[in-house]
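Thanks for asking me to look this one over.

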Amino acid sequence: TVASASAALSGLAAAGTLEVAFGGGEPFAFRGFAELVEDLYANTPLVLNVTTNGTLISKTSFAPYAGRFGQVRVSIYEGTGWRDGCRVLAAYGQRWGANLIVDDAMLEKLPALMAELVVLGCYDLSLLAYIGPDASKQLSLAGRARLAAIAQDAPLACRLSVCFGDTIPLDRLFDGADGFGDCGAGLDFVTITPDQKILGCSFQDGGLPATTAQEIVEAWQNQGSRLAQPAQRNGCTRCKDNANVANKVARKVPPIAIWQAYSGNNSGECVMVAKFEAVRDANDYLSLLLPTWTPSSSLPPDWRQLMLDEGICSAALPEWRETPSQLLAIGRSVIALSYGLGDEFPELRSLAWKKGAYLVTGDIHVHETLYLLAVVRASNHLDAQELAKRDISEIGQSYLHGDLVFLTTAVCDFGSPDEQSLKEAADFLHEFAGARPLAVEAISGPLDQSTFITAKKQLGASRAVTKRLAISFNGEDEQTKAENFAQLVNDGKASVAGGCVLVSGIERRKRLAVLGYRYGANVYALDGAEICIYASFQLPTVKPQKGTCAQQPVIDIALLEEELRRKFTAESHLKLITPHWMKHGAHLTIHTARPDFVVTELSPIAQSLGAQLSVGISDIGKLGLALRRLMADVRR
């Protein structure tokens, strides 16, 4: 009954049971099944699963179960309407898989059935062994080999029943509960029958009393040898002599086993562009690194010692730190690339700052196409026109601008077979420029012709340059670290919000940049008169109480926008403000000509909301700023 099942399962949950799977007949035919599932879902931590033939599942009947099951297994039998039930499960977003008993006759239809299951939205397919008296349902030796081949070439994930034992020539993730291929019945799991008996598995006969959770736990604890007996039905491959462990031989397991799990990947191209005052300075910087540089390898001992000697870091560098995969100089610019999760070489940036370079910080971690952006100064307008006539469409694009020719060529196109190495792109640019002045930076895309021409049209207008530095801390106590760092600023004005320190009115940025890297921060040089500020207000997550659904707090975006405009629009510096909702919080994008004022006011807003504040700061119009820097480089 609902009451007796609920009592037994609630008691098992309290004793440490993790999951319950309803099956053994048709659970959706059980009177009160929805009531039982709702009770267990609300009042126990049990993960609930169900096996069904799908015939009693409809859009209306499944509504009480939506969101309650970890997974639904659909048993496939010919002559049943299982497909309709699968479509309903998919429509509800329910994770579901299929169960299929496999014999020699089924193998002929199996590949086509797998393809159909993929279309229906099946998550995985469990291939089951026949356990019973009909010998014709047992897979033949040839059938076992064919099943292995079909499973290896399947269009969806396949799970092989433990009842097959080692009779199917496929590698196994692990070799059973005892290390010798045991299925684990009676140890890892037990079966409770409708007549309140406990069995090791559903193919065993007999059973022990199991009317209460206490009886079930005691039977599992004290009658383990009985529950671990093999089933007496044909097809059970469990070792008949469990006591004779000495004669068991552990089978080989694959040297690498793959376990499927959810994951995220934030890998991208890490970029460094360090611009020195002279070509000689860039070459001197590289001379410190190139003699012992091996692409994408552990940092050489002399690199580590160099960083300590230069005061770049206060302690030994992390063991996992690697050298850039590509590293070279083009004119006054030293460019480094490496694939990774974030900034892969902060020490190299700090060293470049200390040696007098300006670090271009528009693109540090890139997920888009990365281009080399270059400019060549011709001897006159006619010379520039002749250069611009060259067909370089297979390598990049060129744009005429008076006596200058701008060029773009991709060096990281993430999967493109035409991707160039940094050296190949550099060789092309040197050959194109010849003896003419050449300056180079790197910039991420999309960088199509329309985008480039729009930026080029704005080069005629004068544009103010305001030197700033953003020092950004991450992780625990980021705001405290930022506040402490702000105390070290004795030239310029420091404003703090979240883990970010904005320093304005600073003429020489080298000292603070090196200091920021030494304290473990990320450092960004800002040049634009207008700045883009990204602010995230994250509300704390409310943990649900047992048996209840937690009501997570949200921010009223309309009220927040009204407050922001009231606070900021009195200042003429505000250009753009666009708040939008995010999970448990809100995100703002603000364009402003007085970022110090905005940064200072963000912390009180976060405090009033009871939210944690995260702040990011960047220049606006990075392409236009890069073009202006390159033009200044070749006209020096």
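**Notes on strands and helices**

1. Strand 20 (residues 493-497) and strand 21 run antiparallel and are joined by five bridges, where pairing asks for at least two DSSP bridges between two strands. Opposite C500 of strand 21 stands A497. The hairpin of these strands has two residues between them, and G498 there takes a positive phi near 60°. Do keep in mind that this is a predicted model, in which local features need pLDDT of at least 70 and side-chain atom pairs count only at pLDDT 80 or more, while totals for chains, interfaces and linings use all residues. Residues are numbered from 1 along each chain as its sequence is written, and side-chain values use heavy atoms, leaving out hydrogens and water.

2. Strand 21 also pairs with strand 19 (residues 465-472), again in the antiparallel sense and over five bridges. Here S504 of strand 21 is the bridge partner of R468. Helices (H or I, at least four residues) and strands (E, at least two) are DSSP runs, numbered from the N terminus.

3. How enclosed is strand 21? Five of the five residues in strand 21 (residues 500-504) are buried, so the rest of the structure largely encloses it. Buried means under 20% relative accessible area, exposed over 50%, and partly exposed in between (1.4 Å probe, protein chains only). In a regular strand, side chains alternate between the two faces of the sheet. In strand 21, C500, L502 and S504 point one way and V501 and V503 the other, all of them buried.

4. Turning to helix 9 (residues 279-287), its buried residues are A282, Y285 and L286. They lie on the same side of helix 9, because they cover an arc of only 95° around the axis, taken from the directions from the helix axis to the C-beta atoms. Their cover includes strand 10 (268-275), strand 11 (326-330), strand 12 (333-340) and helix 11 (346-354); contact means heavy atoms within 4.5 Å.

5. N283 also belongs to helix 9, but N283 is partly exposed, with a relative accessible area of 40%. N283 and I330 are 47 residues apart in sequence, and their C-alpha atoms are 9.5 Å apart in space.

6. The contact is made by A8, G11 and L12 of helix 1 with A213, I216 and V217 of helix 7.
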